Amino acid sequence: EEEEEEEENDEIELRLARLEHLMERRPILLSSVMLRQNPHNVHEWLKRISLLSSSSSKEIVSTYSLAIQTVDAKASIGSISQVWIDFAKFYEVHGDLDNARVIFEKATKSPNFKSVDELATIWCEYAEFELRNKNFKQALTLMKRVLFVNHNKEKRINNASNTTKGEYDALLVQEKVHKSIKLWMFYCDLEESISPENARIVYERILDLRIATPQIILNYAAMLQESKFFEDSFHVYERGVNLFKFPHSIDIWRAYLTQFVDRFQDKKVERARDLFEQCCEQAPPKDCKEFFLEYAKLEEQFGLSKRAMDIYDQALTKMKSASDKIEVLDIYVKRAMDFFGVGKVRSIYEKIIEDDDDDDDDNGTTKKKKKKNRLDDNSTKIICVKYAELEVSLGEIDRARALYTHASQFSNPAQDGTFWGQWNDFEVKNGNEDTFRDMLRVKRSVAASFSQMHFNMSVVEVPADALEPQAGGGGGKEGDADAKEQNKQTTTFTNRGNHCCCCYCSC
């Protein structure tokens with residue numbers, strides 16, 4: 001019996017040991033199942049390698065090799081370049097730099113990449129590996145090798161420029177990597193930190209390949225200005241605004257115009273004017289406000305006040321946003337008051353209000369004319385109120401009252417209590433009993449017009465076929481009667497629309 005108990009205990013311990021071993025191997029076994037389902041899942045391969053961190057180096061290396069051989073980049077989930085990079089870093093961590101370089105070299109020659117960016121990432125990591133190990137010249141050599149020497153640069157440029165898009169896409173990533181902006185930016189950073197003189201060559205090469213971005217243009221110009229090559233930096237800005245259009249060139253224009261004016265001030269005003277004219281002409285209405293304001297500021301400081309007024313007027317004509325127009329108009333009026341006085345301010349207000357009004361033809365009918373400074377009703381009302389406040393400050397009460405009367409047609413008394421409150425306060429301070437009654441009469445008339453407008457918008461037309469007599473006995477007379485009643489009601493409301501809501505007079 002004792003022997004049987006010992007055998008049973010041994011059997012239990014063996015089974016428990018097997019279970020513990022199975023539980024320890026569970027993550028690896030689960031990873032194997034996942035990889036059998038999809039052997040091209042890069043994330044699962046990297047997860048499997050992290051599970052083997054406590055295993056022998058030989059097993060980890062064999063897993064890396066198996067992953068590289070198995071994964072097809074075109075069908076992969078994740079980037080195969082990360083497997084290559086982690087493989088090389090594994091050797092680097094263990095101090096085997098030679099084998100790390102061998103891995104990087106094999107990676108740069110492998111055609112198994114989904115995109116050019118993956119290969120560019122390999123080259124950048126290769127160069128950073130050399131930088132971490134203080135091999136600065138070797139890092140520069142690697143960049144020159146991939147961008148200039150490898151595969152005959154002139155032949156690659158010709159192939160890339162003379163082939164169709166389909167033929168270019170069919171090229172190996174190694175034949176297209178020389179145009180990777182990621183590599184060129186990395187190379188620029190290296191040259192600027194090690195040899196700033198050669199950085200200009202790199203930037204010029206980027207511009208020749210036509211792969212520059214607006215940020216590269218700004219970086220190039222900033223580097224030249226740090227080296228006191230101001231005129232060369234302006235030439236770079238000029239090339240940048242020719243390469244890019246709005247809205248991509250907006251940052252280049254900002255830097256170009258600001259630095260040019262700060263550099264030359266009143267010495268090259270004509271050239272600055274040409275630049276501002278070119279920029280304001282190219283800028284779309286939503287982006288032109290800041291450039292018009294800077295242009296006007298230039299004329300105020302170093303040019304002619306009259307030209308500054310013309311620039312503000314051009315800005316109001318080109319811009320579409322009502323809020324931007326009101327903002328520019330406030331600045332315009334303030335500058336006009338400082339330089340030319342009240343007469344100029346009045347002409348500005350009158351011009352923008354008249355441009356937004358309707359024009360009457362010889363027959364007395366209202367005809368829309370082409371509006372240069374078209375504003376919505378609310379903006380026109382705001383401008384009229386500003387103009388009226390100016391007239392009040394000058395003691396021109398009658399002119400201010402006329403402006404309030406004009407603006408009242410854009411203000412619904414049921415919704416806009418602020419405007420009518422302002423007019424009420426104005427009449428209390430500056431009017432009399434007759435003018436106050438006139439304001440109330442106008443208010444009632446405007447309320448009636450808005451009420452009638454709302455009614456007309458609410459009417460739904462009755463389809464013509466609904467008024468036709470229905471087929472069958474007796475339906476025709478009832479249909480005719482309904483149609484006559486509908487026409488009668490419509491005529492009644494139409495006649496009422498031309499009269500006051502309270503007394504039906506023509507007021």
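I take a residue as exposed when its relative accessible area is over 50%, and as buried when that area is under 20%. The model I am reading is predicted.

**Entry: R210**

I looked up R210 against that cut-off. R210 has 65% relative accessibility, so it counts as exposed. I then checked its backbone. Phi of R210 is positive, about 60°, although the residue is not a glycine. I find R210 in the loop between helix 11 (196–209) and helix 12 (214–226).

**Entry: Q265**

Which value does phi take at Q265? I read a positive value near 50°, again in a residue other than glycine. Q265 sits in the loop between helix 14 and helix 15 (269–282). Is Q265 buried, partly exposed or exposed? Its relative accessible area is 42%, so I note Q265 as partly exposed.

**Entry: F246 and P247**

I went through the peptide bonds here. The bond from F246 to P247 is cis, and its omega is near 5°. P247 belongs to the loop between helix 13 and helix 14. I noted F246 for the next entry.

**Entry: aromatic pairs**

How many aromatic pairs does a search of the whole structure find? I get 28. I describe a pair of aromatic rings by the distance of the centres and the angle of the planes. I picked out the pair of F246 and F291. Their ring centres are 6.0 Å apart, and their planes stand at 80°. I log the pair as edge-to-face, because planes over 60 degrees apart count as such.

Where do the two partners lie? F246 is in the loop between helix 13 (230–243) and helix 14 (250–264), while F291 is in helix 16 (residues 289–302). The pair therefore ties together parts that are 45 residues apart in sequence.

**Entry: ring cluster**

**Entry: negative patch**

I turned to charge on the surface. Which residues gather in a patch of negative charge? I list E2, E3, E4, E5, E6, E7, E8, D10 and E13. I took E7 as one of them to look up in detail. E7 is placed in helix 1 (residues 2–37). With a relative accessible area of 56%, E7 is exposed. I set that beside the cut-off from my opening note: exposed means over 50%.

Terms used
Residues are numbered from 1 along each chain as its sequence is written. This is a predicted model: local features need pLDDT of at least 70, side-chain atom pairs count only at pLDDT 80 or more; totals for chains, interfaces and linings use all residues. Side-chain values use heavy atoms; hydrogens and water are left out. Patches are made of residues with over 30% relative accessible area and no salt bridge: like charges are joined within 9 Å, nonpolar side chains (Val, Leu, Ile, Met, Phe, Trp, Tyr) within 5 Å. Accessible areas come from the Shrake-Rupley method with a 1.4 Å probe; for residues, only the protein chains shown count as cover. A salt bridge is a side-chain nitrogen of Lys or Arg within 4 Å of a carboxyl oxygen of Asp or Glu. Lys and Arg count as positive and Asp and Glu as negative; His and the chain ends are not counted. The place of a charge is taken as NZ of Lys, CZ of Arg, CG of Asp or CD of Glu. Helices (H or I, at least four residues) and strands (E, at least two) are DSSP runs, numbered from the N terminus. Buried means under 20% relative accessible area, exposed over 50%, partly exposed in between (1.4 Å probe, protein chains only). Rings of Phe, Tyr and Trp (its six-membered ring) pair if their centres lie within 6.5 Å; planes under 30 degrees apart count as stacked, over 60 as edge-to-face and the rest as tilted.
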